[in-house]
Amino acid sequence: MDSTRTRTATQTAPSGNGDDLIGGLDDDVLLHVLRFLPTARDVVRTSALSRRWRHLWRRAPALRFASGVDASPEDGLRFNGIAGAVLARRAADGGARVDALEISTASWPGRARVDAWLRLAMGYVAGSLSLLMAPPARREKAAAGDALLGELPSRTSAVGATQDPQSCSLTHGSSLGHATLPLPATAAFRELTELSLTSVAFVHGQGDRLGELLSSPCCPRLRRLSLEFLSGLTELRLEAGALEFLELALLLELRRLQVDAGGLGSLCIKGCFVAPENRAGTSGPELLELDGWSSVTRLEKIGVSSHLLLTSDDDAGENDFAIELLRRSTSVRRHHVCLKIPQRALVFGQDMMAEIPQLPHITDLIVEVSSPGKHSFRASVTNILTRCTNLRRLRIDVLEMEFMPRPPCLSKSCICDHPAGWADESLALPHLREAEFRGFAGCHRLAPPLLAGAPGLERMTVTASRRELSSLRRRLLPWKTADRVLESRLPTCSRGRWAAIAGRSADAPAYQWTPDHVQDTTSYITS
């Protein structure tokens with residue numbers, strides 16, 4: 001018996017003569033392994049494993065360069081040089097296809113180097129391209145003039161290219177400025193399916209050409225498009241038959257949007273139409289042209305102000321656009337609205353909630369409340385809910401407030417709680433099945449009318465935000481715990497009970513209400 005066990009172990013154990021079992025695998029298998037290494041440095045280091053691995057890194061299907069946010073200027077410059085050398089060597093070796101190229105640098109690479117990176121990527125990247133750059137120093141920006149980046153390469157100018165990138169992300173990592181990107185007169189990216197541009201400025205007079213370059217004749221397979229914090233873009237005219245997802249954020253100069261996309265399913269727009277030209281009297285219908293609108297089923301992060309101050313119309317253009325969008329959204333089922341409560345006094349203001357149309361087609365709703373001042377937001381949120389009579393799932397996020405209740409708005413002339421008598425009206429949400437509050441501030445103010453007005457409610461969940469927990473722990477008395485204080489703030493309801501959700505961390509305590517007819521083994525909280 002012992003001899004048999006010894007013989008079997010001898011046959012199956014690796015030999016001690018240094019045989020490379022992994023190195024005997026097919027090249028395609030080894031290259032697939034290299035794809036999952038986190039950085040290009042790790043890929044190159046595999047060349048030291050054995051002769052079998054020595055040259056494989058030159059054909060690795062994924063290259064990811066990341067310098068680290070804390071890198072010194074000298075290290076950043078050295079990193080940029082290494083990344084450029086690796087890409088140049090890759091091209092000189094015959095340009096083996098790269099499925100994924102990611103470059104994240106904490107030091108400004110310089111216009112010439114970025115231009116070279118883009119052209120190499122357009123020639124040899126067949127999958128995804130992501131380029132995240134730190135802003136240049138002030139002296140470098142002054143020396144570069146208007147154009148910090150070279151002209152965006154067109155498909156026809158990419159030397160040796162055999163296939164276009166399918167996904168491209170270009171981010172200039174600065175919240176204070178933009179990298180100027182000249183656009184080519186013509187371009188063709190036949191394989192491009194996803195594109196993201198962030199913190200980029202266009203050369204004067206060229207921004208309006210972007211829509212033409214991203215439309216079907218140039219990008220026939222483009223499915224996902226994200227444009228954020230762009231400068232020099234005043235009009236966007238898109239004709240994209242394959243487009244499924246469109247995100248526009250902080251396009252502060254945008255004056256007109258025209259989209260013809262029969263396959264568009266999700267639209268996310270926030271912080272647009274706020275330029276001075278939009279506040280000069282241009283209305284929502286004039287700002288917006290959408291063909292194929294009947295296919296859109298999701299609206300994401302549409303910004304709406306609860307009130308407009310008569311002394312300032314900063315949000316008028318965005319509000320007009322949002323309300324017009326809601327009026328046309330008869331096919332939308334899922335909606336995420338960002339409700340902004342002004343911080344300044346609302347003595348001289350206009351209640352904008354009356355402008356919101358009836359939304360009986362909405363079944364899934366997220367209301368994200370931004371309330372930096374001391375104004376009440378209950379009336380505004382309730383006004384939205386009364387228009388969504390067929391809701392099945394609801395989420396309300398109030399994440400910016402501290403836990404301890406703020407002093408209420410004491411100004412008798414403030415209109416934050418208008419219209420008068422709204423609190424006496426009951427909510428009627430007969431189809432609501434699930435409700436979630438992220439932040440106890442929203443739960444404390446809005447859960448009671450929801451519990452009373454939704455007879456079919458199956459569960460309600462409440463999670464404390466990080467800011468609430470931080471403020472609560474600073475104020476806790478020695479004999480109290482955060483859990484006990486949170487539980488005391490849960491609204492009561494005679495037809496159901498609250499229970500702590502097991503398995504949640506101390507940094508995100510959560511509670512769930514269920515009606516009495518739901519039977520389980522949860523330890524319920526007794527009042």
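Is T46 buried or exposed? T46 is buried, because its relative accessibility is 9%, and buried here means under 20% relative accessible area, with exposed over 50% and partly exposed in between (1.4 Å probe, protein chains only). Before we tour the rest, keep in mind that this is a predicted model, where local features need pLDDT of at least 70, side-chain atom pairs count only at pLDDT 80 or more, and totals for chains, interfaces and linings use all residues. Residues are numbered from 1 along each chain as its sequence is written, and side-chain values use heavy atoms, with hydrogens and water left out.

**The big picture**

- The protein has 527 residues, and 48% of them count as buried.
- You'll find 13 helices and 23 strands in it; these are DSSP runs numbered from the N terminus, with helices being H or I over at least four residues and strands being E over at least two.
- Take the contacts (heavy atoms within 4.5 Å) between residues at least 6 apart in sequence: 73% of them join residues at least 24 apart.

**The nonpolar core**

- A nonpolar core is a set of buried Ala, Val, Leu, Ile, Met, Phe, Trp, Tyr and Cys residues joined through side-chain atoms within 4.5 Å.
- The largest one here has 121 residues, and F65, L101, L227, L365 and M460 have the most contacts inside it.
- Helix α11, residues 440-453, gives the most to this core, with seven residues.
- As a bit of background, nonpolar side chains in soluble globular proteins tend to be buried together.
- Leaving out neighbours within four places in sequence, L365 is in contact with H335, V337, I384, L385, C388, L391, R393, L394 and R395.

**Helix pair α10 and α11**

- The axes of α10 (residues 378-385) and α11 come within 10 Å and cross at roughly 35 degrees; axes are lines fitted to C-alpha atoms, for helices over the stretch in contact, and angles run from 0 to 180 degrees between N-to-C directions.
- The crossing of α10 past α11 is right-handed: that is the name when the near helix is turned clockwise from the far one by less than a right angle, and left-handed is the name when it is anticlockwise.
- On the α10 side, R378, V381, T382 and L385 meet R445, L446 and L450 of α11.
- Sort the residues of this contact by class and you get four nonpolar, one polar and two charged; Ala, Val, Leu, Ile, Met, Phe, Trp, Tyr, Cys and Pro count as nonpolar, Asp, Glu, Lys and Arg as charged, and the others, Gly among them, as polar.

**Helix pair α4 and α5**

- Helix α4 (residues 73-92) packs with helix α5 (residues 111-124) at about 35 degrees, and their axes are 11 Å apart.
- This time the crossing is left-handed.
- From α4, the contact uses L77, N80, G81, A83, G84, L87, A88 and A91, while α5 brings R113, W117, L120 and Y124.
- By class, that contact has eight nonpolar, three polar and one charged residues.

**Buried residues to look up**

- T46 sits in the loop between α3 (40-45) and β1 (62-66), and beyond four places in sequence it is in contact with L34, L37 and W53.
- V367 lies in strand β18, residues 364-370, and counts as buried because its relative accessibility is 0%.
- Setting aside residues up to four places away, V367 touches V337, L339, V381, R395, I396 and D397.
- The C-alpha atoms of V367 and C338 are 6.1 Å apart, although 29 residues separate them along the chain.
- S380 is in helix α10 and is buried, at 2% relative accessibility.
- With residues up to four places away not counted, S380 touches S306, H307, L339, I341 and M353.

**Partly exposed residues and positive phi**

- R327 is found in helix α9, residues 316-328, and is partly exposed because its relative accessible area is 46%.
- R327 touches E355 and P357, not counting residues up to four places away in sequence.
- L250 has a positive phi of about 55 degrees although it is not a glycine; L250 lies in the loop between β10 (245-249) and β11 (256-260).
- At 39% relative accessibility, L250 is partly exposed.
- F229 also has a positive phi, near 55 degrees, and lies in the loop between β8 (224-228) and β9 (235-239).
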